[in-house]
Amino acid sequence: MALASFTARFKQFVTPDALRSYLAEFISTFFYVFVVVGSAMASRKLMSDLATDSSSLVLVAIANTFALSSSVYIASNVSGGHVNPAVTFGLAVGGHISVSTALFYWVSQMLASVMACLLLKVATVSQDVPIYTIASEMTGFGASMVEGVLTFGLVYAVYAGGDTRSGPLRSIGPLVIGLMAGSMVLAAGPFSGGAMNPALAFGSAVVAGRFKNQAVYWVGPLIGAAVAGLLYDNVVFPGHVSGRVNSDGTTGV
């Protein structure tokens, strides 16, 4: 009986619609990570001293804005356009997506991130893939708090962007999410890196083979995402469920 129940539940998550949503998450996350990490590599190649040249930070922030807006848009009608394990976690905590679907999304997102960074490593040959690091004057706890606050803002924007009561403004949800991400990078890039995305930090760390302070990019963002989801649905707009994604993960912004 238990085996039959498990088999039946498993089949719910390997339906054609479900598989399409996992693929959509893979594709959107792949291109997001490719652009963000690639922009960091490009700025490092073009600028001799990144520590004193603020234009490198602006370049990465702009890349984040464009890449995230586009990635969310292309996947929104299939998977919801999460592009981020923290967003998936925040929506799961808020009851907008099942835990099982969230786990499949995580696998798709992390695999996509690793593949994107690996492609950059192989294609550029002479360049190392940059990893997310914290400033020397910061502690891991402080950096985790910063990443948590940044991810709170990002996930709150995701909830607001998917609110069905936004009417015509809902169509610009992906742009708002991208703009929020870009502004966060400008605010915290020199301190914690402004990742706001565990998959982004994980993929680059795997390919580079360096995992120092990796917990910073998981603990803070996941907590921040959960708080944002709970606050939006239960305090700011109590009793309202934003229409971002159903339990099978097939509807979007």
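Helices here are DSSP runs of H or I with at least four residues, strands are runs of E with at least two, and both are numbered from the N terminus. The model is predicted, so local features need pLDDT of at least 70 and side-chain atom pairs count only at pLDDT 80 or more, while totals for chains, interfaces and linings use all residues. Residue numbers start from 1 along each chain as its sequence is written, and side-chain values rest on heavy atoms, with hydrogens and water left out.

**View 1**
The chain has nine helices and zero strands, so reading along the sequence gives α-α-α-α-α-α-α-α-α. Of its 253 residues, 49% are buried (under 20% relative accessible area; exposed is over 50% and partly exposed lies in between, with a 1.4 Å probe and protein chains only). Take the contacts (heavy atoms within 4.5 Å) with a separation of 6 or more: 79% of them link residues 24 or more positions apart. The accessible surface is about 11,500 Å², and 72% of that belongs to carbon and sulfur atoms. Those areas come from the Shrake-Rupley method with a 1.4 Å probe, and for residues only the protein chains shown count as cover.

**View 1. Gly229 in helix α9.**
Gly229 sits in helix α9, which covers residues 216-236. Buried or exposed? Gly229 is buried, at 0% relative accessible area. Leaving aside residues up to four places away in sequence, Gly229 touches Gly90 and Tyr159. Phe89 is 140 residues away from Gly229 in sequence, yet their C-alpha atoms are 9.1 Å apart in space.

**View 2. Helix α8 against helix α9.**
Helix α8 (residues 198-208) packs on helix α9 at an angle of about 170°, and their axes are 9 Å apart. Axes are lines fitted to C-alpha atoms, for helices over the stretch in contact, and angles run from 0 to 180 degrees between N-to-C directions. The pair is therefore roughly antiparallel (over 145 degrees; under 35 is roughly parallel, 65 to 115 roughly perpendicular, and the rest oblique). On the α8 side, Pro198, Ala201 and Phe202 meet Tyr217, Trp218 and Pro221 of α9. These residues divide into six nonpolar, no polar and no charged. Here Ala, Val, Leu, Ile, Met, Phe, Trp, Tyr, Cys and Pro count as nonpolar, Asp, Glu, Lys and Arg as charged, and the others, Gly among them, as polar.

**View 3. Two annotated spans.**
An unreviewed UniProt entry carries the annotation "transmembrane region" for several spans, including 141-160 and 215-232. UniProt positions follow the numbering used here, feature names are shortened, and annotations may be inferred rather than shown by experiment. In the model, residues 141-160 are 100% helix and 0% strand, with end C-alpha atoms 28 Å apart. Residues 215-232 come out at 94% helix and 0% strand, and their end C-alpha atoms lie 26 Å apart.

Val83 lies in the loop between α3 and α4 (85-93). Its phi is positive, about 60°, although Val83 is not a glycine, and Val83 is buried at 0% relative accessibility. Met196 belongs to the loop between α7 (173-192) and α8. Met196 has a positive phi near 60°, again in a residue other than glycine, and is buried with a relative accessible area of 1%.

**View 4. Val58 in helix α3.**
Val58 is part of helix α3 (residues 55-76). At 40% relative accessibility, Val58 counts as partly exposed. Ser43 is 15 residues from Val58 in sequence and 9.9 Å away in space, C-alpha to C-alpha.
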